[in-house]
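Biologist: Please take one part of this protein and look at it closely, setting it in its surroundings first. I would like to know which residues of that part meet which partners.

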Amino acid sequence: MENTAATNFNWSCKHTWKRSAKNTAWCLLGCAIGDFGTILFFQLTKVPFPVLGIMTLAIINGLITSIILETVILMRQDLDFLKAFKTAMGMSFISMISMEVTMNLTDYLLTGGAILTWWVIPIMLLVGFLTPWPYNYWRLKKFGVTCH
């Protein structure tokens, strides 16, 4: 027997693209706060630390700040803390990881390190947004799942 959900799936729903874009933007904001903050800290303080170490910390901090932001948003929508936290963790983790890795990879490939410049930040944000957006659309469309 054929799965009707799989056969009815389509990539042309404007409402779902719009909703998934909003979810992705919130995730990007949360990730960027921790990620950029970490890179900026090492850039300004000149603490000697390997680039891979800085980027690893930036990814971890980006994940943490994104989860915090999403948990707060969900709690403002009347979810209790535990449910909001579990929802933020479960629904967005793949999205956040792909976002963080591509943002940091873009930074490294364009600047040769963990360096924030006026021209690389918009590119990092664009790549960070576009990478998980189709996944977020798919997840919303297939499961009707959203964080915001």
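Modeller: From the N terminus on, the elements run α-α-α-α-α-α, with 6 helices and 0 strands in the protein; helices (H or I, at least four residues) and strands (E, at least two) are DSSP runs, numbered from the N terminus. This is a predicted model, in which local features need pLDDT of at least 70 and side-chain atom pairs count only at pLDDT 80 or more, while totals for chains, interfaces and linings use all residues. Residues are numbered from 1 along each chain as its sequence is written, and side-chain values use heavy atoms, with hydrogens and water left out.

The C-alpha atoms fill a box of roughly 60 × 35 × 25 Å along the principal axes. Of the 148 residues, 38% count as buried (buried means under 20% relative accessible area, exposed over 50%, and partly exposed in between, with a 1.4 Å probe and protein chains only). Among contacts (heavy atoms within 4.5 Å) between residues at least 6 apart in sequence, 74% join residues at least 24 apart.

The crossing of α2 with α3 is right-handed (right-handed if the near helix is turned clockwise from the far one by less than a right angle, left-handed if anticlockwise). On the α2 side the contact includes W26, C27, L29 and G30, and on the α3 side I54, L57, A58 and I59 are among the residues involved. By class, this contact has 13 nonpolar, 7 polar and 2 charged residues, where Ala, Val, Leu, Ile, Met, Phe, Trp, Tyr, Cys and Pro count as nonpolar, Asp, Glu, Lys and Arg as charged, and the others, Gly among them, as polar.

With α5, the axis of α2 comes within 9 Å and crosses at roughly 135 degrees, so α2 and α5 are oblique to each other (angles under 35 degrees count as roughly parallel, over 145 as roughly antiparallel, 65 to 115 as roughly perpendicular and the rest as oblique). This crossing, too, is right-handed. A21, T24, A25, L28, A32, D35 and F36 in α2 meet I121, M124, L125, G128 and F129 in α5, a contact of 9 nonpolar, 2 polar and 1 charged residues. The buried residues of α5 (residues 120–130) are V120, M124, G128 and F129, and they fall within an arc of 165 degrees seen down its axis, so they line one face of the helix; the arc is that of the directions from the helix axis to the C-beta atoms.

T24, which lies in α2, counts as buried because its relative accessibility is 0%. Leaving aside neighbours within four places in sequence, T24 is in contact with M99, F129, P132, W133 and N136.

Note on methods: Axes are lines fitted to C-alpha atoms, for helices over the stretch in contact, and angles run from 0 to 180 degrees between N-to-C directions.
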